[in-house]
Amino acid sequence: MQLGTRWNVGAEPPERLPETMVVAVRGVEDDLAAESVDASTWRWTLTYLEGKPMVELDDGTSIHLDPLGHAQVTDPDDAGSED
């Protein structure tokens, strides 16, 4: 059994998080900073689904690994908008 964890935006992600996901987390954080979003109180949550890591930000942004091991970022603003 793998336990998840939480960490603050801008803090060091857990060491067990795959590098491709760390890069994606940093990319999301960089985008927030570029948009001047105050995420100073936001946190990431790491959980495991069927043994695979998934991270979610307090605003609903999520990152998971695709079958090839690439990080996939899902923006909550894009979810469910199929116009």
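Modeller: The lining of the largest pocket divides into five nonpolar residues, one polar and five charged. Here nonpolar means Ala, Val, Leu, Ile, Met, Phe, Trp, Tyr, Cys or Pro, charged means Asp, Glu, Lys or Arg, and polar means the others, Gly among them. The model is predicted, so local features need pLDDT of at least 70 and side-chain atom pairs pLDDT 80 or more, while totals for chains, interfaces and linings use all residues. Residues are numbered from 1 along each chain, and side-chain values use heavy atoms, without hydrogens or water.

The lining consists of Val-28, Asp-31, Leu-32, Glu-35, Val-37, Asp-59, Thr-61, Val-73, Asp-75, Pro-76 and Asp-77. The volume of this pocket is about 230 Å³. A pocket is an open set of points on a 1 Å grid where a 1.4 Å probe fits, with protein on both sides within 12 Å along at least five of seven lines; lining residues have an atom within 4 Å of a point. The volume is the space filled by probe spheres set on the points, which are joined across faces, edges and corners.

Helix α1, residues 19-34, gives the most to this lining, with three residues. Helices are DSSP runs of H or I with at least four residues, and strands are runs of E with at least two, numbered from the N terminus.

Helix α1 also holds Glu-29 and Arg-26, three residues apart, about one turn of the helix. Their side chains meet in a salt bridge at 2.9 Å, N to O. A salt bridge has a side-chain nitrogen of Lys or Arg within 4 Å of a carboxyl oxygen of Asp or Glu. Arg-26 forms another with Glu-12, where the closest N and O atoms are 3.7 Å apart. This pair links distant parts of the chain, as Glu-12 is in the loop between β1 and α1, 14 residues from Arg-26.

The whole structure has three salt bridges. One of them joins Arg-6 to Asp-58, with the closest N and O atoms 3.5 Å apart. Arg-6 lies in strand β1 and Asp-58 in the loop between β3 and β4, so the pair ties together parts 52 residues apart in sequence.
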